[in-house]
Amino acid sequence: MGLDALLSRLEGHAVTPVTAAETADVTAKPAPALVCTLVTPVTAPADVTARAALWLLHFPNLDPVAVVFAPAVDHAGALASYPAAIAAEPIPEPPAVPVPADLAALFDACAKAGLYDDADRTALPAMLALDADGTRGLIEAMHARIGRCRRCKHFRRPGLSDGHCTGRDDLPHVYGFMHALPDDGGARCGAFDG
Ligand code: SF4
């Protein structure tokens, strides 16, 4: 369903499963090469000022995508976050789904590592209600990012040091070709090489 595409796209763009209301630079996923979905005309909701956490976004040549916003946004806010969207419809919130204990533990570990925030926690029940398997997969993938430096080919631990990075020049220089490790332990590093 639509959320699968959203989850995949968000994973590629950010470390949060939640669409922040103020996000303005997220672009629509490119259209699949072999699929051409007819665009269904959609009218704007009667009350465009009403806020909702769930919106169905319509894009040219894409299936509609369900998006969870935290905090909730109005019609203009939903479209502003996705400039490529041509229409947005609010979706009734599904019944809240309890967060399984194991998934909550993974989420908490990610939050402790700075990978999720309160907005993500707020959106989690709705995301589980929309797509439990997709949400679990995203959180598991996020959790796997914790401590990536120590699993990276660019990680070196000379002498008694806690370790250095040899792959990024933008980090503070230590000596030789060694650089200090990032504060997030590589969780958000685009140069990770496992
Ligand atoms: S900062 Fe990035 S490149 Fe350097 S060791 Fe950590 S994950 Fe690897």
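A residue counts as buried if 20 or more other C-beta atoms lie within 10 Å of its own, as exposed if 12 or fewer do, and as partly exposed in between; the C-beta atoms are placed from the backbone. This is a predicted model, in which local features need pLDDT of at least 70, side-chain atom pairs count only at pLDDT 80 or more, and totals for chains, interfaces and linings use all residues. Residues are numbered from 1 along each chain as its sequence is written.

Start with the whole protein. Of its 194 residues, 29% are buried. The protein has five helices and seven strands. Helices (H or I, at least four residues) and strands (E, at least two) are DSSP runs, numbered from the N terminus. Read from that end, the elements run α-β-β-α-β-α-α-α-β-β-β-β. Two residues are in contact if their C-beta atoms, placed from the backbone, lie within 7 Å. Among contacts in the protein with a separation of 6 or more, 68% come from residues 24 or more positions apart.

Now look at strands β1 and β2. β1 covers 52-58, and β2 covers residues 65-73. Two strands pair if DSSP finds at least two bridges between them. β1 and β2 run antiparallel and are joined by five bridges. L54 stands opposite V68 in β2. The two strands form a hairpin, with six residues between them. β2 is mostly covered, with seven of its nine residues buried.

Two backbone details stand out here. Most residues other than glycine have a negative phi, and most peptide bonds are trans. N61 sits in the loop between β1 and β2. Its phi is positive, near 60 degrees. N61 counts as partly exposed because it has 13 C-beta neighbours inside 10 Å. The other detail lies in β2, where P71 is found. The peptide bond from A70 to P71 is cis, with omega near 0 degrees.

Next comes helix α3, residues 101-112. Its twelve residues reach 16 Å from the first C-alpha to the last, close to the 16 Å expected at 1.5 Å a residue. That expected span is 1.5 Å times one less than the number of residues. G114 follows α3, and its phi is positive, near 85 degrees.
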